[in-house]
Amino acid sequence: MTEALKIPFFHIYLPGLCGSGLTFCLDGFRLIYLAAGIIMWSISGIFSLEYMAHYEKKRRYYVFFWATFFATMGVFLSGDFYTTFLFFEIMSFTSYVWVAFDEKAESLRAAQTYLAVAVIGGLTMLMGLFLLNHLCGTLEFQALGQKSREILETGGAQAKELYMAGILMLTGFGAKAGCFPLHIWLPKAHPAAPAPASALLSGILTKTGIFGLIVMSFGIFFGEFNWGLLIVVLGLITMFWGAFLAVFSINLKRTLACSSISQIGFILTGLGIGSLLLAAGEEPVLAVRGTLLHMINHSLFKLVLFLCAGTVFMNLHQLDLNHIRGFGRNKPALGFCFFAGAAGLAGIPGFSGYVSKTLLHESIVEYGVYTGSPWCRLAEWVFLLSGGMTAAYMTKLFVALFLERNPGKQEEFDRMKGSCIRPLGQSVLVGAALLIPLFGLFPGFTMDGLADLGQDFFVPGIKAHPITYFSPENLKGAFISIAIGGSLYGLIRRFLMADGRYIDGLPKWLDLEDLIYRPVVEKALLGVCGTVCKYLDRYVVSIPVTLFLQVSALVCRSMDHMADGVILLARNTTHSQIPSGSPKKEKFGKILGTEPGGKEGVTFRLFRIKTRIIHLCGLVEESFSFGLMLFSIGLFLTIGYLLLVFFGVL
């Protein structure tokens with residue numbers, strides 16, 4: 001098998017756009033995620049009508065809601081890494097507004113973490129793209145496969161550089177996907193963002209990172225053992241660590257966010273096993289189909305579960321299990337939706353998650369049988385244990401919400417039965433939840449059809465064979481995970497509850513952001529400042545570190561005020577406000593459109609609407625032209641710097 005990344009049935013190249021031109025493609029896999037994006041944004045948008053009704057800044061939410069949709073679809077439809085990167089970065093910045101939406105201190109800190117990971121990951125990816133383009137002379141997916149295989153077959157320094165480019169790009173895509181150790185933004189961003197946005201962040205935005213890793217694994221590093229092993233190791237660690245965090249969490253949305261980390265680990269493991277099977281000369285049918293179907297399943301599960309969490313938050317404005325326990329009692333529609341998502345996530349037979357997890361589990365067993373690798377048994381048990389932890393923490397959430405009683409508020413919760421959620425929001429939520437058992441009970445007509453449509457994006461030409469999903473051998477793995485989950489849930493009730501209350505038993509120092517990343521960044525900055533001060537003290541003039549820091553802060557503030565000054569100057573000169581309308585004309589229109597008694601007539605109301613539209617169009621034109629002006633200034637400075645470097649001045 002030497003072919004990778006099948007030629008799509010729709011391909012369009014827009015030359016000169018954004019400098020290097022943009023490439024868009026459509027094939028079976030992209031069609032699936034185009035449809036998934038439309039469905040998920042539509043359902044989340046309908047749910048948002050009720051969820052965002054009482055927010056003052058909901059217009060801002062909807063602007064970035066749909067901007068993120070177009071950017072995300074741009075990633076999935078991209079046909080080269082340049083187009084992918086462009087829309088990837090747009091998506092990161094537009095979705096940042098979701099996380100910082102309510103502008104509370106904890107939300108802004110979570111948004112800061114999200115943006116830092118997105119920007120650093122994006123810049124790291126960009127360095128990888130520069131190196132990849134230098135080695136292969138192209139960033140187009142189809143051409144990259146052939147060029148990279150030639151480099152890898154030749155070996156030597158270029159092969160090492162290709163792996164270096166791969167590691168840099170893995171960092172960028174892995175950060176967005178939530179791969180360990182760059183997962184730190186998920187547990188913080190999801191509780192901060194509005195629930196409909198969390199459903200999209202977890203359900204589909206993380207899949208843009210997986211999209212890039214699919215292209216790398218089955219395009220650039222097609223059949224490379226070392227690459228496949230790296231992805232498997234990262235997948236197993238991510239799978240276990242996310243489930244471990246979720247077991248201890250007592251915040252509803254944070255638990256679901258940690259669960260997303262774990263499920264991304266399942267998907268990465270399938271990707272890695274597929275690469276290892278290719279390296280062993282075998283067709284990765286089970287791994288490819290399991291990876292694809294678990295991507296789809298996870299998108300569906302998190303859409304349903306986060307909207308259920310949004311329903312809870314709309315009514316209680318709380319997410320802590322101790323405050324929301326018992327809310328779901330006597331609410332059958334909400335209980336069904338949450339149970340469907342939880343059972344699917346846990347891989348319970350009869351729900352769609354069982355199908356994809358069975359394929360992933362069997363692919364690990366298949367690789368062990370073909371190669372006799374001793375570590376496959378360990379990987380299988382990490383898989384089963386992580387699945388057991390999934391069952392345990394989802395059982396914890398379901399029992400707390402729908403079975404337990406709240407000692408002080410249960411009567412109040414029971415009275416909310418009729419006002420829990422409006423009929424329109426409830427109908428779309430129930431409709432999405434019904435797909436989970438439908439796909440799970442009839443996998444041959446549903447899940448297999450989706451796998452047939454999308455599998456050629458991974459490896460063209462592989463032949464799927466009929467699978468008896470409900471055979472005793474396949475059911476065995478699911479029952480092992482369920483048994484592990486039951487035992488772990490017993491431990492949760494025993495050790496993570498005190499006096500009838502859930503306790504967060506996870507040590508705070510296990511937060512990698514506060515444990516590693518922030519201290520490293522702070523020490524690095526202080527180290528740079530200290531080095532500069534020592535240099536100045538030795539060769540120029542004696543200067544204390546504190547004074548240097550104060551001067552640096554003054555310079556930064558001056559630059560900030562300088563930017564404000566440029567904006568103010570532009571608004572008073574080249575980009576001054578367009579008048580909303582002439583007072584004389586408005587008075588004349590009001591006289592003509594005034595009915596007896598001083599009531600505004602239809603003519604004047606139409607005149608006022610027209611004036612408002614003209615004013616808004618002027619603001620859009622003003623903002624756009626101002627942005628273009630700043631872009632031109634930045635481009636001029638960048639070109640000037642490059643010319644100075646080229647001629648040896650710098």
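**View 1. The lining of the largest pocket.** By class, 15 nonpolar, 6 polar and 3 charged residues make up the lining of the largest pocket. Here Ala, Val, Leu, Ile, Met, Phe, Trp, Tyr, Cys and Pro count as nonpolar, Asp, Glu, Lys and Arg as charged, and the others, Gly among them, as polar. You are looking at a predicted model, in which local features need pLDDT of at least 70 and side-chain atom pairs count only at pLDDT 80 or more, while totals for chains, interfaces and linings use all residues. Residues are numbered from 1 along each chain as its sequence is written, and side-chain values use heavy atoms, with hydrogens and water left out. The pocket holds about 600 Å³ of space, and of its 24 lining residues, Ala-116, Val-117, Ile-120, Ile-184 and Tyr-517 lie nearest its centre. A pocket is an open set of points on a 1 Å grid over the protein atoms alone, with protein on both sides within 12 Å along at least five of seven lines, and lining residues have an atom within 4 Å of a point. Grid points are joined across faces, edges and corners, and a volume is the space filled by probe spheres set on the points. Helix H4 (105-136), H6 and helix H20 (512-540) each give at least two residues to this lining, with the largest share, 7 residues, coming from H4. Helices (H or I, at least four residues) and strands (E, at least two) are DSSP runs, numbered from the N terminus.

**View 2. The second largest pocket.** Here the space comes to about 480 Å³. Of the 24 residues that line this second largest pocket, Asp-102, Glu-106, Ser-107, Pro-191 and Ala-192 are the closest to its centre. H4 and H7 each supply at least two lining residues, and H4 has the largest share, with 5 residues. The lining divides into 11 nonpolar, 5 polar and 8 charged residues.

**View 3. The largest cavity.** Helix H14 (352-371), helix H15 (375-403) and helix H19 (472-495) each supply at least two residues of the lining of the largest cavity. That lining has 5 nonpolar, 7 polar and 1 charged residues.

View 4. Which two helices does the loop holding Asp-80 lie between? They are helix H2 (58-77) and helix H3 (81-99). Asp-80 counts as buried because its relative accessibility is 6%; buried means under 20% relative accessible area, exposed over 50%, and partly exposed in between (1.4 Å probe, protein chains only). Leaving aside neighbours within four places in sequence, Asp-80 is in contact with Leu-22, Thr-23, Leu-139, Glu-140 and Phe-141, where contact means heavy atoms within 4.5 Å. The side chain of Asp-80 also reaches the backbone nitrogen of Thr-83 at 2.7 Å. Val-215 is 135 residues away from Asp-80 along the chain, and their C-alpha atoms are separated by 9.7 Å.

**View 5. Helix H1 and its cap.** Asp-27 caps the N-terminal end of H1, with a side-chain oxygen 3.3 Å from the backbone nitrogen of Phe-29. Helix H1 (residues 28-51) has 24 residues and should span 34 Å at 1.5 Å a residue, which agrees with its end C-alpha atoms being 34 Å apart. The expected span is 1.5 Å times one less than the number of residues in the helix.

View 6. Ser-471 sits in the loop between helix H18 (447-454) and H19. With a relative accessible area of 17%, Ser-471 is buried. A polar atom of its side chain lies 3.2 Å from the backbone oxygen of Thr-468.

View 7. Phe-180 and Pro-181 are joined by a cis peptide bond, with omega about 5 degrees; Pro-181 is found in the loop between helix H6 (157-177) and helix H7 (186-192). Asn-330, in the loop between helix H12 (321-324) and helix H13 (332-346), has a phi near 65 degrees, a positive value in a residue other than glycine. Asp-499 has a positive phi too, near 55 degrees, and lies in the loop between strand E3 (497-498) and strand E4 (501-502). Is Asp-499 buried or exposed? Asp-499 is exposed, with a relative accessible area of 80%.

Note on methods: Polar contact = N/O pair within 3.5 Å; in protein donor to acceptor, adjacent residues only side chain to side chain. 1 Å grid on protein atoms, 1.4 Å probe; cavity = no way out; pocket = protein on both sides within 12 Å on 5 of 7 lines; lining within 4 Å.
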